[in-house]
Amino acid sequence: MDRRSFLKISAVGSTTAALDACGKPEHHLIRFIPEEDLIPGVAVWKPGVCTQCRAGCGIRVRVMQGEAEVTRKSKPGLISMGLAKKIEGNPEHPVNHGKLCAWGQAGLQVTYNPDRIRFPLKRSGQRGSGEYQAISWDDAIAELASHLPVAGSSGSPSPVAFLTQPLRDHRGALIEKFLAALGAPPAIHFEFFEQTVLRRANELSFGHRQLPSFDLANTNYVISFGADFLGTWNSPVSQNHSYGEMRQGRTEQRGKFVQVEPHMSQTGANADEWVYAKPGTEGWLALGLAHVMISERLRPAQAAGNAGALIEGWSEGLPDYTPEKVERITGVESGRIQRLARGSAAHSPAVAVIGGAPLAHTNGFSNALAVNALNALLGSVEKPGGIFFTPRPPMPSLSTSRNSASVRTLCEGILKGSPAVETLLVFNANPVFASPPAWRVQEALAKVPFIASFGSFVDETSVLSDLILPDHSYLESWVDNIPESGTTEAVVSLASPAMLPLHHTRPMPDVLLDVAHRLGGDMARAVPWKTYAGVLQAAFEELRSHPGSVTAKTDDDFWTAVQTKGGWWSNEAKGSPAMRELNRPPSPTKIVEPAFDGAASEYPFFFLPYASQQFSDGTHANLPWMQEMPDVISTAMWGTWVEINPQTASRLRIQKGDLIEVASQHGKLQAPALLTPGIAPDAVAMPVGQGHEQYGRYASHRGANPLKILAPQTEPETGALAWAATRVKITRLGKKGELILYAGSEREWPSQFQHR
Amino acid sequence: MKRQWGMVIDLDRCTGCEACVVACHAENNLATVGRDGAARGRTMHWMRVERYWEGEFPEVRLRFQPVLCQQCGDAPCESVCPVYATYHNPEGLNAQVYNRCIGTRYCGNACPYNARVFNFFNPVWDKPLDLQLNPDVSVRSVGIMEKCTFCIQRIKQVEIRSQESKQPIADGEIQPACVQSCPANAMVFGDLDDPKSKVSQLARSNRATRLLREVGAQPNVIYLRSVS
Ligand code: SF4
Ligand code: SF4
């Protein structure tokens, strides 16, 4: 008898024993024989990869023996197993240097979330009702396979669409192989705070279609246009880490930091100088600074180095961007523009950053090009203290070349009936929650005959599916990740599962492989691996011959060593790959006017949704630790609020906590007012992330979702949603809303903490 | 060997990211109290990030200040406890013996830093969130006061290991959960009695100050003032 069948028998045997033992229902559970050797009380640290955002920080998971209720072979029972007890940063990892952000810390609550889907489900009620019945994995996979028609012989593509969160790992590559073998179009990547505009601008300016990394530790002056780089944007832990060094890591130099934004963010709160520019005018300000630098000869043109082409034609001195003209457009005083320009030129190396709202206007692309060119003028491109691009690791298995559609065009297509979508696969993407109403996502999905989803939770999108194939959590899975930014080394993070799965779940890539093998023929040949671990092992063999953080004589040794380390990084060749030669980088001397939805007479306020420190785009709203972590600026917990300038509030006789209706041309919502000096009198701001209708017990029916009143404005170069381009009106509703604040008074900072 | 554990928090590095706040919840089995509890002011944070506005729009700025138990040398909470549940341990920690506590909450009233929280209810973890609990830290029940311990379980673990191996504790070897997570490296923990430790060097900085110095509680948490 082998060990497995012995386990089965003893598990059955102990049921009866347990039943007799005690009257309480939880004691009726089977006790399974442990599947691991564990010493009680002794902690083991296992390397892992954080997947709470796209930054790809390396983690270590503290695993200790404990008792857990689990599902094994579809049966619930008790087992003694290794349980993740704490997540810390991996000190060796080049992105996060042993550190983590709040989302990374809250990762345990993803795995142990009571609302996780525990076994495969097949819809039993009406679509969207959330009524499901449990089915076996065999049946689930057979069901999925029966809904995956391959491309027709006439050349018509397979009517299968795959909608996923952006993936920078081999799961993404596997999905592409799978879809290509089916003859289906490439996967559609969706996240609300997408970075297409900046990637496209960086591609044109610098030859890198990716997010930038900043060498803040060696910077003497940072001017950031709207980027929440210490909070929610790009690679927050790496940016916080180098920011700390910039401020106090050097004895003789303390870097200065200026933030330009329409509404004070957590990042802006740390600025030495906080500058308000009218929403959508950031590009003018960047060129206004450039004008002063050129006319006062503060920066030699040759300082731009390889980026010189970006500022070609600037020798005439950008006559349209004199401080006076820029003041009229941006609202930033001309004297201040001169001072900022002189300051940044005097404190070399200086670097400019752009992110967030300035990119989310209809002119976001030209704002980005202007800031990129400012970096060229500052001489910061690929120079110490400047802007860099993380090289890609030498892993050919990752290359994908197909261009994919957007959720918006997918939905338009479905509503028009062409191209036909018979089957939609969804993985951790929630466009029903995170899209403007005019995209009609829910209506479009309702038309798709068969939807299957792989996520761990029922959310507004996955509740529309006919079949749910729940994934393992990231602590239970093989995880790999290629950071797009946050380091100047090429990195591939890797982790084997830190713990066994709690529930009867299966990793999404393993399900794809199972399905492909069930379909057989070309499908099976296209993805010959049995498991995702096999995919990764084969991929890592490509790396062994390259010099890096791990060296080993054999592939097997290499494979073990990268797992122990938490990945592979090229500790030689620091710095980004040379800028690609560009034919004609667009000369950003013409900023386009931003367009807003709604006439200023009827909709007098700019509406500024922003990524929440607690929930990002809403993904973390189901974690009680994040709900109860006070938003650091408002100190609000368990809710949403509308930020209003106190002057505006007194004019409209609005008091703190009053329930406000915020209405655009596309919808309205209600939320309590929060009076805050960090916002302009003609704007209102709201954090994104609450207002879920379907996202488990902690998130559902809490607060309001600002995305549901957004206009479908787009940035024309990329087609990206211009989410900062809606105007609204506000009305006091005459009753109080629910505003739970951690702090009472707002102004009591003891002046002794000011160092003069 | 006599030690005085202490912490330096550099307000010029702190960015208000609150990784420390969540790290503390995860390490120390802090309960979440949910919407209703939070509305009644019953959240259980041992570590909080205070924020203060200055000025009016557009000349406005914000200050962040992480606040935890200041582990006072002359702690106002210690002298008021009728049952010696809160006491001074030999390494200068302001320690709390949970099973002595009878819930008078005198200590909470006496604390000038508002560092102490009270269990108004037995904590609940919706299953299987109970699996996140750290077995090295006891779960407190209704009627008990609690507060930041400087992650005493981590201190003890390293001390025991050092005793066993007869290796001295290296500076920086002990990191409370907040310190370990802080992405901006704003917090440093160590022995203030060791003049060579990083924490005592920073504590001698000309930016060093203490919270509510005038109260005279002799905190062992030292703040470095922010520069601008
Ligand atoms: S920045 Fe935070 S959420 Fe993102 S990968 Fe790093 S620890 Fe995780
Ligand atoms: S983790 Fe560090 S930077 Fe973040 S709020 Fe806490 S002390 Fe400040």
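A: Of the 228 residues in chain B, 61% count as buried, where buried means under 20% relative accessible area, exposed over 50% and partly exposed in between, with a 1.4 Å probe and protein chains only. This is a predicted model, in which local features need pLDDT of at least 70 and side-chain atom pairs count only at pLDDT 80 or more, whereas totals for chains, interfaces and linings use all residues. Residues are numbered from 1 along each chain as its sequence is written, chains are lettered from A and ligands numbered from 1 in the order in which they are written, and side-chain values use heavy atoms, with hydrogens and water left out.

Q: What does the secondary structure of chain B come to?
A: Chain B has seven helices and 10 strands; helices (H or I, at least four residues) and strands (E, at least two) are DSSP runs, numbered from the N terminus. The radius of gyration of chain B is 18 Å, close to the 17 Å from the globule rule for 228 residues, so chain B is as compact as a globular protein of that length. That radius is taken over C-alpha atoms, and the rule is 2.2 Å times the number of residues to the power 0.38.

Q: And which share of its contacts joins residues 24 or more positions apart?
A: Such pairs make up 63% of the contacts in chain B with a separation of 6 or more, a contact being heavy atoms within 4.5 Å.

Q: Where is R210(B) found?
A: R210(B) is in the loop between β9 (208–209) and β10 (221–224) of chain B. Its relative accessibility is 29%, so R210(B) counts as partly exposed. The C-alpha atoms of R210(B) and N220(B) are 8.4 Å apart, with the two residues 10 apart along the chain.

Q: Switching to chain A, which residues of α12 are buried?
A: In helix α12 (residues 407–416) of chain A, they are V407(A), R408(A), L410(A), C411(A), G413(A) and I414(A). The buried residues of α12(A) pack against β7 (160–164), β8, β15, α13 (441–447) and β27 (714–715) of chain A. Just after α12(A), G417(A) has a positive phi of about 90 degrees.

Q: What is the strand order in the open sheet?
A: The order of the seven strands in chain A is β6-β5-β17-β16-β15-β7-β8, with mixed pairing; two strands pair if DSSP finds at least two bridges between them. The edge strands β6 (132–134) and β8 (188–189) of chain A each pair on one side only.

Q: How do β15 and β16 pair?
A: Strands β15 (residues 423–427) and β16 (residues 450–453) of chain A run parallel over four bridges. T423(A) has F450(A) as its bridge partner in β16(A).
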